[in-house]
Amino acid sequence: MQKLIIDGKKILSGSIKISGSKNSALPILAASILNKQTTIKNIPYVNDILTMLNLLKFIGLKYKLSKKKNSVEVTNLDKKINTVAPYKLVKTMRAGVLVLGPLLARYGNAKVSLPGGCAIGTRPVDLHLFALKKLGAKIQIKNGYILASAPKGLKGTSFRFPSISVGATENVILAAIKAKGVTIIENCAIEPEIKDLINFIKKLGVKIKIKGRKITIIGSMKEKKITHKIICDRIELGTYLIGGALTAKKLRLKNVDPKLIKSEIFILKKMGVKMKVSKNYIEIYKSSNIKKINIKTAPYPGFPTDLQAQIMILMTQAQGISKIKENIFENRFMHVPELKRMGAKIEIRNNIANISGPCALTGAEVMATDLRASVSLVLAALIADKRTKINRIYHLDRGYQDLEKKLIKCKAQINRV
Ligand code: UD1
């Protein structure tokens with residue numbers, strides 16, 4: 001199994017090109033089931049995307065992927081279609097469940113593996129099923145699979161999600177664009193990735209409006225040859241922003257849209273981080289006087305749970321006790337025991353972490369547990385004294401394109417063995 005060996009305390013400088021958003025590309029790839037020919041640009045070359053492409057191939061679609069151009073062309077010739085998402089693919093990447101809505105809408109049936117739990121929590125799909133049932137789908141759970149059918153097609157309807165889910169909002173949008181009549185959904189997730197999906201769908205001729213947390217879908221889609229450029233990965237951007245605030249003489253993050261991370265920039269500035277924000281790049285510098293802060297994770301536009309582990313590293317360098325309240329996933333402090341082994345002073349009570357700083361971190365052998373926890377260990381290693389070995393880094397490859405290449409180019413000392 002591969003590991004990263006990082007020698008800390010190097011001063012970083014240079015520039016990093018931020019990749020396209022993985023979480024935006026995944027539902028848009030699922031949406032390509034509904035269309036004849038879809039070209040997606042700025043696609044990140046990461047394992048979750050390769051898993052989704054494998055799943056589309058299993059279903060019967062064809063794709064041409066160019067790593068060099070970061071683009072993929074997906075074609076659905078409607079031949080030998082298998083309306084199944086098997087366990088072996090969904091268990092490695094929960095977003096596989098996003099093919100449920102499109103398969104059901106286009107072919108009237110789907111058999112999709114239940115994803116099961118993962119390191120950060122139970123992650124149920126009840127909200128996905130609740131929403132599809134509202135559109136008229138019949139759903140049963142059998143042998144670990146979701147069996148969904150809508151032989152007479154789906155029908156537009158109005159409903160409100162009892163709680164906010166990114167994936168359930170995406171799944172129901174992808175089903176509703178083929179439904180008869182108007183669908184009005186309230187209490188939706190409104191992450192930038194959902195807005196990117198909506199912009200993609202508009203290219204298929206669907207009238208779709210978003211107002212607050214209400215999404216209205218009018219009219220059915222038309223198959224077209226379309227091209228869509230994915231938005232920048234705001235979580236990758238936020239990760240390197242924090243990395244820069246911890247280590248950089250000057251780090252320029254390119255190919256970005258700073259509007260996507262307004263609240264994160266606000267929080268970093270409040271912590272005393274110095275940066276220069278331009279239209280399509282951000283320059284960030286190591287800050288010597290970091291202030292403590294309290295944050296709580298929340299659906300967008302709140303602070304993202306996907307940046308919680310990373311900002312915790314910055315908090316270890318702040319003066320005083322910072323607090324993080326994790327409101328989205330029940331088990332998302334798995335990085336804390338590993339950080340404590342590196343000398344961090346963190347106490348957890350229920351879903352609140354108290355982080356005491358400033359605290360000198362020391363290199364250690366640690367274990368990555370999920371995607372964002374892994375990258376937080378990389379950030380910790382960059383500022384730690386001596387050498388850190390990070391095990392189980394396959395998690396990183398699921399979501400960060402060329403992580404060590406990007407950092408090495410900026411003078412970090414990292415080896416993959
Ligand atoms: C997406 C992101 C993930 C991010 C998360 C929250 C992708 C591929 N993944 O995951 O990186 O951390 O949003 O921003 O875009 N829930 C239910 N029932 C459901 C669905 C969700 O109770 O049917 C709960 C979850 O357990 C969790 C909360 O709702 O507590 C939010 O989950 P959700 O927004 O659905 O996350 P994902 O779409 O899985």
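Helices (H or I, at least four residues) and strands (E, at least two) are DSSP runs, numbered from the N terminus. The model is predicted: local features need pLDDT of at least 70, side-chain atom pairs count only at pLDDT 80 or more, and totals for chains, interfaces and linings use all residues. Residues are numbered from 1 along each chain as its sequence is written, and side-chain values use heavy atoms, with hydrogens and water left out.

Lysine 211 lies in strand S12. Its relative accessibility is 69%, so lysine 211 counts as exposed (over 50%; buried means under 20%, partly exposed in between; 1.4 Å probe, protein chains only). Lys211 belongs to a positive surface patch, together with Lys207, Lys209, Lys214, Lys222 and Lys224. Such a patch joins like charges within 9 Å, using residues with over 30% relative accessible area and no salt bridge. A salt bridge is a side-chain nitrogen of Lys or Arg within 4 Å of a carboxyl oxygen of Asp or Glu. Strand S12 (residues 207-211) gives the most to the patch, with three residues.

Helix H10 (residues 308-315) is largely enclosed by the rest of the structure, because eight of its eight residues are buried. Among them are Gln308, Gln310 and Met315.

Methionine 342 is found in the loop between helix H11 (335-341) and strand S20 (345-349). With a relative accessible area of 0%, methionine 342 is buried. Beyond its neighbours within four places in sequence, methionine 342 is in contact (heavy atoms within 4.5 Å) with several residues, including Ala360, Leu361, Val366 and Thr388. Aspartate 385 is 43 residues away along the chain, and the two C-alpha atoms of methionine 342 and aspartate 385 are separated by 9.4 Å.

How values were computed
Patches are made of residues with over 30% relative accessible area and no salt bridge: like charges are joined within 9 Å, nonpolar side chains (Val, Leu, Ile, Met, Phe, Trp, Tyr) within 5 Å. Accessible areas come from the Shrake-Rupley method with a 1.4 Å probe; for residues, only the protein chains shown count as cover. Lys and Arg count as positive and Asp and Glu as negative; His and the chain ends are not counted. The place of a charge is taken as NZ of Lys, CZ of Arg, CG of Asp or CD of Glu.
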